[in-house]
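Visitor: I am new to this structure. Please take one part and look at it closely, then show me what lies around it.

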Amino acid sequence: MTDILVVSAGPLTTVQDLGRPGWAHIGVPPSGAVDREALTFGNHVVGNDPGTAGLEATLAGPSLQFRAPAVVALTGAESSATVSGRPAPANAPVPVGAGEVLELRGCIRGVRTYICIRGGIEAEATLGSRSTDLMSGLGPPPLRDGDALRIGAEPRRRPNAEAAAPAPRPDVPVLRVLPGPRDDWFAPGALDALCASSWRVDPASNRIGVRLSGPRLERLDRGELLSEGLVTGAIQVPPSGQPIVLLNDHPTTGGYPVLAAVHTADLPLTAQLGPHSAVRFAPTG
């Protein structure tokens, strides 16, 4: 049975829940929603459990035709969204009638909008998660035009129209970082240079990592380490001296030294960094 027809998939729309942590020992990334706060808040709004699978739309799209009545919530990056031409507000339950089309246009103040549907997206779980993983290929493939989606069982909780919307994101986010573990591979003052500079997001960034451009971070050794374990938020520095902040689909091991790691609480801000946007870092107090 088709509950939702994907009229247009957009540049990159994937199914995401809270991921599949705990499998790094066999090379499986954590995956899951890059902006976990947005997904869990959207699920709260429509009455789902926090980890219910929704859709993560990147930069723009999708356009979805609902074959049955539904309730959705749009969270994360702001988007000019409509339901059959009517404006669809963010961070609130939005009813969609049978035959109506939910359309998301370009993302504003962020790059990832989450579509949480009451009942969630029904998809086969792999290693306990329905998340699409761009690195390993696990989970359902990214949406394509003409795909059919199914909605899961009706949850027990009612939609929450009174949920307080998240605070607006700053124009230039400041991400808190913890030093190390390989700061000994860098010239003295490298961490200070990371935190003293303003960085720009390279358009080549994706769910694997946010590539940054700015002043060169000098390494003492231009070689590579033996592969070491990596965590989401790790700031790798390749020989170019331009840092990469790893996101949810990152490899579980790597040979570039890690100068610092973004505080877990600031990863949702990292998730919404768009092409050419500015970002700064600050040491944890």
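Guide: Contact here means heavy atoms within 4.5 Å. Keep that cut-off in mind as we go. The model is a predicted one.

An α-helix has 3.6 residues a turn, so residues three or four places apart point the same way. Just past the helix, Gly47 has a positive phi of about 90°.

Take one of those strands, S5. Thr75 sits in S5. Is Thr75 buried or exposed? Its relative accessible area is 2%, and buried means under 20%, so Thr75 is buried. A polar atom of the Thr75 side chain lies 2.8 Å from the backbone oxygen of Ala38.

The loop between S3 and S4 (63–66) holds Pro62. The peptide bond from Gly61 to Pro62 is cis, with omega near 5°. Leu59 is in the loop between S3 and S4 as well. Leu59 is not a glycine, yet its phi is positive, at about 75°. Its relative accessible area is 41%, so Leu59 is partly exposed.

In soluble globular proteins, nonpolar side chains tend to be buried together. The largest nonpolar core here has 36 residues. Which of them touch the most other members? They are Leu194, Leu212, Ile235, Val262 and Phe281. H1 supplies the largest share of this core, with five residues. Another core, of 25 residues, lies apart from it and includes Leu64, Phe66, Ala70 and Val83.

Leaving aside neighbours within four places in sequence, Leu212 is in contact with Trp199, Arg200, Val201, Gln242, Pro243, Val245, Val279 and Phe281. Two of those names come back in the strand pairing. Val201 has Leu212, in S13, as its bridge partner. Strands S12 (residues 199–201) and S13 (residues 209–213) are antiparallel and share two bridges. S13 also runs antiparallel to S16 (residues 244–246), and three bridges join them. There Val245, in S16, stands opposite Val210. In a regular strand the side chains alternate between the two faces of the sheet.

How accessible is Asp249? Its relative accessibility is 0%, so Asp249 counts as buried. The side chain of Asp249 makes a polar contact of 3.2 Å with the side chain of Ser31. A polar atom of that Asp249 side chain lies 2.9 Å from the backbone nitrogen of Leu134. Asp249 and Ile208 are 41 residues apart in sequence, yet their C-alpha atoms are 4.5 Å apart in space. If residues up to four places away in sequence are not counted, Asp249 touches Pro29, Thr132, Asp133, Met135 and Arg207, among others.

Pro181 is in the loop between S11 (174–179) and H2 (190–196). The peptide bond from Gly180 to Pro181 is cis, with omega near 10°. Leu127 is in the loop between S9 (121–122) and S10 (148–151). Leu127 is not a glycine, but its phi is positive, at about 50°. At 35% relative accessibility, Leu127 counts as partly exposed.

Last, the cysteines. How many disulfides does the model have? The count is zero. Cys107 is in none, and the nearest cysteine sulfur, that of Cys116, is 14 Å away. Cys116 has 0% relative accessibility, so it counts as buried.

How values were computed
Residues are numbered from 1 along each chain as its sequence is written. This is a predicted model: local features need pLDDT of at least 70, side-chain atom pairs count only at pLDDT 80 or more; totals for chains, interfaces and linings use all residues. Side-chain values use heavy atoms; hydrogens and water are left out. Two strands pair if DSSP finds at least two bridges between them. Helices (H or I, at least four residues) and strands (E, at least two) are DSSP runs, numbered from the N terminus. Buried means under 20% relative accessible area, exposed over 50%, partly exposed in between (1.4 Å probe, protein chains only). A polar contact is a pair of N or O atoms within 3.5 Å; within protein, one must be able to donate a hydrogen and the other to accept it, and residues adjacent in sequence count only if both atoms are side-chain atoms. A disulfide is a pair of cysteine sulfur atoms within 2.5 Å. A nonpolar core is a set of buried Ala, Val, Leu, Ile, Met, Phe, Trp, Tyr and Cys residues joined through side-chain atoms within 4.5 Å.
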